[in-house]
Amino acid sequence: MSELLQAITIGIPQGALYGLMGFGIAMIFRSAGTLNFSHGYSAMVSVLITLSAMQTFIGLNILEGRLALFAAIPVGLIAGAVFGVLIDLLLMRRVKHVSPASMLMITLGLLLVFEGAANLIWSPDYESFPRLLPGPPFIFEGAGLFEGIRVVFRRNDIAVMLIALVISVSMAALMKYTKIGLAIRARGQDPVGAQSVGINTNRVDSIVWGLSITLAVVVGILIAPITRVHPTMLMNTQLLGITAAVLGGFSSLFGAIWGGLMIGVLERLIDIVPALDGYETAIIFFLIILILVFKPMGLFAGKVGRKA
Amino acid sequence: MLKVSDLKVSYGPIHAVKGISFSLEKGEIVSILGANGAGKTSTLFGLMGIVKSRGLVELKGEALKRKNSTEPTTKGMVLCPENRRIFPELNVEENLRLGTFVRGDFAANVQSVYELFPILRERSRQLAGSLSGGEQQMLAVGRALVASPEVLLLDEPSLGLAPVIVDEMFWVLKGLSDKMSVLLVEQNATKALSISDRAYVMQNGSIVHSGNADAMLKDDSLRKAYLGM
């Protein structure tokens, strides 16, 4: 019982990160029309920039310790937004009306460029990254009816969950109630319709790219204390993020977040069985194939299919 | 109201619109007729800046740059595109709200749209993708009208609709000329001519005939040559 609860409490924050990654990937897929294979890699470079900024602040004695971390985070987020907008302006805008295949190849190429840049400018070494909320974990000891149940809450996990929750709620509000959110949804549902009401779809695409990669940087910064910082630090998260988006059905952005949570918890549940240790990813993908066979539109596909 | 001179639209080596000129006066309904592939939709996309075009487009005497659709829409030329192009996963009201993205007072104009198409009021909370074809077309027209256009560009509003709905739609369209000028693109030439003041006939990217709508309706040889009726 303790093991089960523990798996869930560790799986939820982990899954929330997959979900946020998937949300950004789904947003680019729906609006800008391509699967961004470089998603996690552009975020990884932004995390490296965050780390370098933090080290610079400390090295120059401008700020120290946690203050340096909190000052460096905006630098990384801005770097992510700039990467996103530049990818759209310099690369995607030229090919998007011409060839979906070219867009896909560009994102694959960017994956290699970002990884190469990280190796060249920084190094392939693993560097440690500070937690947002350090300190001893909270330990819950069951009493009475729950005698013998013991669950550990890592402090940083609580920060991760709170941040993921705040971001999800604000994204939902953005999409539902703001003009730009409606424009993003409209552009994804019908580009010609969006242009017919005067939406500048090119500008929407730039915003979507910038916003999505900024979200991925948040994921990178939150996951970095666990994965540590290195060129392939977000490879697994990106893969599971794409999977979360597929599971949620690309038609529903928030499906990606539910998909991510499911994957995160599932991963930890599989971990409990010693015989399955090391096969987590294989089992998750097997289950996902099964789900897609029976629910090809994803678990949370919208009620209405697209009409021509 | 709208004056177009030497408009050209090309897709790579393909010249879809080969330098056409036409005009639309205040309060007029003017049709552009022609078969599939004549360049009618490309003409509208060129006017709106949805595709790149060359030539001069003047709206109320002012030349439009047409870098994107935001500029023409803001200045009062609004497109109701072919195939409805509504947002299927947004509800009817959200679709209409988006109609006022750059222009028009939603709260004031939505009521007059609901009066024109009462069914949209009933369905205001329903997802647009779940509407019938006719209702979706009404929504598409309504979405253009909430922007209070001065020039309304209508692309094939009768496409795929049942005859009784087509009649209703054209009756509504005829009434619009009190408030705006309408450029109507249609394959259904008889219907279009019946509510138009003037018409242009397009073939292979050029205007091959123009004239008074009533005269064109009565001109048998013209109808046989270009309009297939």
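Tutor: In this predicted model, the largest cavity holds about 50 Å³ of space, a volume being the space filled by probe spheres set on grid points that are joined across faces, edges and corners. Residues are numbered from 1 along each chain as its sequence is written, while chains are lettered from A and ligands numbered from 1 in the order in which they are written. Local features need pLDDT of at least 70 and side-chain atom pairs pLDDT 80 or more, whereas totals for chains, interfaces and linings use all residues, and side-chain values use heavy atoms, without hydrogens and water.

Student: Which residues line the largest cavity?

Tutor: Its lining consists of A:Ile10, A:Pro13, A:Gln14, A:Leu17, A:Arg154, A:Asp157, A:Val160 and A:Ile226. Helix H1 (2-32) and helix H5 (155-177) of chain A each supply at least two of the lining residues, and H1(A) gives the most, with four; helices (H or I, at least four residues) and strands (E, at least two) are DSSP runs, numbered from the N terminus. By class, the lining of the largest cavity has five nonpolar, one polar and two charged residues, where Ala, Val, Leu, Ile, Met, Phe, Trp, Tyr, Cys and Pro count as nonpolar, Asp, Glu, Lys and Arg as charged, and the others, Gly among them, as polar.

Student: And which residues line the second largest cavity?

Tutor: Around the second largest cavity stand A:Leu48, A:Trp122, A:Ser123, A:Asp125, A:Glu127 and A:Val229, which divide into three nonpolar, one polar and two charged residues.

Student: Turning to pockets, how many residues line the largest pocket?

Tutor: The largest pocket, with about 1000 Å³ of space, is lined by 33 residues, and those nearest its centre are A:His97, A:Asn202, B:Ile50, B:Val51 and B:Lys52. Two or more lining residues come from each of H1, helix H3 (65-95), helix H7 (191-196) and helix H8 (201-227) of chain A, and also from S1 of chain B. S1(B) gives the largest share, four residues, and the lining of this pocket comprises eleven nonpolar, twelve polar and ten charged residues.

Student: In which sense do S1(B) and S2(B) pair?

Tutor: Two strands pair if DSSP finds at least two bridges between them. Strand S1 (residues 2-11) and strand S2 (residues 14-24) of chain B are antiparallel and share eight bridges, with B:Lys8 of S1(B) having B:Lys18 in S2(B) as its bridge partner. The two strands form a hairpin with two residues between them, and B:Gly12 in the turn has a positive phi of about 60°. S1(B) also runs antiparallel to strand S4 (residues 54-59) of chain B, over five bridges, and there B:Lys3 stands opposite B:Glu58.

Student: Why is strand S8 of chain B described as largely enclosed?

Tutor: Buried means under 20% relative accessible area, exposed over 50% and partly exposed in between (1.4 Å probe, protein chains only). Six of the six residues of S8(B), residues 181-186, are buried, so this strand is largely enclosed by the rest of the structure. B:Ser181, B:Leu183 and B:Val185 point one way, and B:Val182, B:Leu184 and B:Glu186 point the other way. Strand S3 (residues 29-33) of chain B runs parallel to S8(B) over five bridges, with B:Ile29 opposite B:Val182. Strand S7 (residues 151-155) of chain B is likewise parallel to S8(B), joined to it by five bridges, and B:Leu153 has B:Leu183 as its bridge partner.

Student: Where does A:Arg228 lie, and what is its phi?

Tutor: A:Arg228 lies in the loop between H8 and helix H9 (235-248) of chain A; its phi is near 65°, a positive value in a residue other than glycine, and at 38% relative accessibility A:Arg228 counts as partly exposed. B:Arg84, in the loop between strand S6 (77-80) and helix H3 (92-99) of chain B, has a positive phi near 70° but counts as buried, at 16%.

Technical notes
1 Å grid on protein atoms, 1.4 Å probe; cavity = no way out; pocket = protein on both sides within 12 Å on 5 of 7 lines; lining within 4 Å.
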